[in-house]
Amino acid sequence: MRWSQLYVPTLREDPADADAVSHRLLVRGGFVRQLMAGHYSLLPLAVRVRAKIVDIIREEMTAIGAQEFILPAMHPAEIWQRSGRWEVMGEEMFRLKDRKGADMALGMTHEEIFTVLSQELKSYRDLPQIWYQFQTKFRDEARPKSGLLRVREFTMKDSYSFDVEADGLDRSFDLHKAAYERIFARLGLPAIPVQASSGSMGGSASVEFMSPSEAGEDLVVRCPGCDYAANTEKATSVLPAVADAPGPDAPERFDTPEARTIEELARRHDVPAERQVKTLVYVVDDQLTLVLLRGDHSLVEQKLIDTLAATAVRPATAEEIQAALGASPGSLGAVGIPADLPVLADEALRGRTDMTTGANTDGVHLRGVSVERDIAVERWADLREVSAGEPCPQCGTPLAVVVTIEVGHIFKLGRKYTEKLGVTVLGRDGKQAVPIMGSYGIGVERALASIVETHHDDKGIVWPVAVAPFEVAVVVLGTKDQQVNEAAETLYRQLQGERVDVLLDDRDERPGVKFRDVELIGVPYRVTVGARGLAEGTVEVTTRATGETQSVAVSEVVEHLRKLLTAAV
């Protein structure tokens, strides 16, 4: 490709609304342009990178025996209603009606649609199957941000496995996990496999692949001493044992008119946060529910959702709280509450005595509370967020918390979808059997942006060779010099003949402009052809990642580049 014919609208200044490095550099480098919030046009350079990412994923999926499909992006509501997810997906699902008034949806994911196709499987001899596609997904994100990292329209590689028995699902899951590790390694994208919540997908096991980045919105708890790693929605830790005083025989009321928060109660009344019972009120599937945690701990809502297998969870309003408990937030507790209000308590409160909590009277608290004696806890669960420095549940080493981007997610779905959509095959014993499923996704454009988050410097993007829009840029210095032009053209054709993805910068621009643009768009190797070097029979080869420049004989440059590219890949 010749730069003079290529559409690369580079910018000299950062876009004002870009909050992530990848957003800033992909806009500046002429890779993407925003149409509206959460929707981006991919320009030619981005299309080239995307195609290489897709090729790598496709190669690794083929290697594990997967077969490629293309399924519709618009789905009839009836299939989602049968699976039970029409309501579960909530406002993130784009819903519409066709001209006949039929309810339709833009696909957020394709479990239901692939499951419908699997209805034509007849026998255990047809299994296992691994099916996948690259398809546009739509999610009505409330707050799209960070360029391609959080959008409303994107390409997903989603694959689905069908097996007869659980050990077959284990094998399919492990095949995908290993394939994903190879994919991310080839993309040059560091990705930590971590335990995760299955969320609305359902299923028995879930692993996320998380790439460390300050632009991320997910926190991963990771142990530097062993292989333990989990999303905060799943992470646990070991808390030091606490020796409580027995406290009084019954809770005692005391006035706290100026203490409405955990911090104020600690400061004004000398009650440490770890000796307080925090009372949160949630509406869980239309049921008002009290959630108790230690005062210095935070709730992970996904843990609450997973514990109760809830469809809809939200904090209760002040009016709902007042009507149920007779007090305002800041004075709430679970001692003596009506029997029809379920109480969930975090495991960190189990066995605690001589604690302090709200009295359900504004400006009044209770001291000397024994949690199991004074509170009718209906269910105990791990609900709290793990903090950095807490001991690892496997080896006891202090845990680290890392900011990450989710770049892949794999699930063991079980038989949730095949049962609800009526899929059966003839089993080995001659009886009908329900296939067991797995689901496995990679966001293509998110992977593209995540690579930029990992590979950049103050000059621009530093693409890994495997996904770079061009592997080599031949920069012509002095386009009016016939000898320089002929040498550059010859080199350009030779590199094409070696199947090198090469860009010829034949623009009539100053050298500084050309160099800045090549650095900005991140081409791994730059060959500079100029009159001074040619007079000595050489050209300059510059490595983008290191900035190192070498003078190489014109007769040897193609072989030199071939070795560099081979080593890099």
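The legends below describe an overview and several close-up views of one predicted protein model. In this predicted model, local features need pLDDT of at least 70 and side-chain atom pairs count only at pLDDT 80 or more, while totals for chains, interfaces and linings use all residues. Residues are numbered from 1 along each chain as its sequence is written, and side-chain values use heavy atoms, with hydrogens and water left out.

View 1. Helices (H or I, at least four residues) and strands (E, at least two) are DSSP runs numbered from the N terminus. The C-alpha trace spans about 100 × 65 × 50 Å along its principal axes. Of the 569 residues, 52% are buried; buried means under 20% relative accessible area, exposed over 50%, and partly exposed in between (1.4 Å probe, protein chains only).

View 2. Gly30, which follows H1, has a positive phi near 75°.

**View 3. Helices H2 (residues 44-63) and H6 (residues 166-187).** Their axes come within 9 Å and cross at roughly 150°. Axes are lines fitted to C-alpha atoms, for helices over the stretch in contact, and angles run from 0 to 180 degrees between N-to-C directions. H2 and H6 are therefore roughly antiparallel to each other; angles under 35 degrees count as roughly parallel, over 145 as roughly antiparallel, 65 to 115 as roughly perpendicular and the rest as oblique. On the H2 side the contact (heavy atoms within 4.5 Å) is made by Ile53, Ile56, Ile57, Glu59, Glu60 and Met61, and on the H6 side by His176, Ala179, Arg182, Ile183, Arg186 and Leu187. By class, these residues are 7 nonpolar, 1 polar and 4 charged. Here Ala, Val, Leu, Ile, Met, Phe, Trp, Tyr, Cys and Pro count as nonpolar, Asp, Glu, Lys and Arg as charged, and the others, Gly among them, as polar.

**View 4. The largest nonpolar core, with 63 residues.** A nonpolar core is a set of buried Ala, Val, Leu, Ile, Met, Phe, Trp, Tyr and Cys residues joined through side-chain atoms within 4.5 Å. Leu26, Phe31, Ile53, Phe184, Leu187 and Trp463 touch the most other members. H2 gives the most to this core, with 8 residues. Ile53, leaving aside its neighbours within four places in sequence, is in contact with Leu187, Val444, Leu448, Ile451 and Val467. A second, separate core has 26 residues, including Val281, Leu288, Ala359 and Val364.

**View 5. Helices H13 (residues 482-497) and H16 (residues 557-568).** The two helices pack at an angle of about 45°, with their axes 10 Å apart. H13 and H16 are therefore oblique to each other. Leu491, Gln494 and Leu495 of H13 meet Val557, Val558 and Leu561 of H16. This contact has 5 nonpolar, 1 polar and no charged residues.

**View 6. Loops holding Pro128, Asp285 and Asp354.** Leu127 and Pro128 are joined by a cis peptide bond, with omega about 5°. Pro128 is placed in the loop between helix H5 (111-117) and strand E7 (129-138). Asp285, in the loop between strands E14 (277-284) and E15 (287-294), has a positive phi near 50°. Its relative accessibility is 36%, so Asp285 counts as partly exposed. Asp354, in the loop between strands E17 (343-346) and E18 (355-361), has a positive phi near 55°. At 25% relative accessibility, Asp354 counts as partly exposed.
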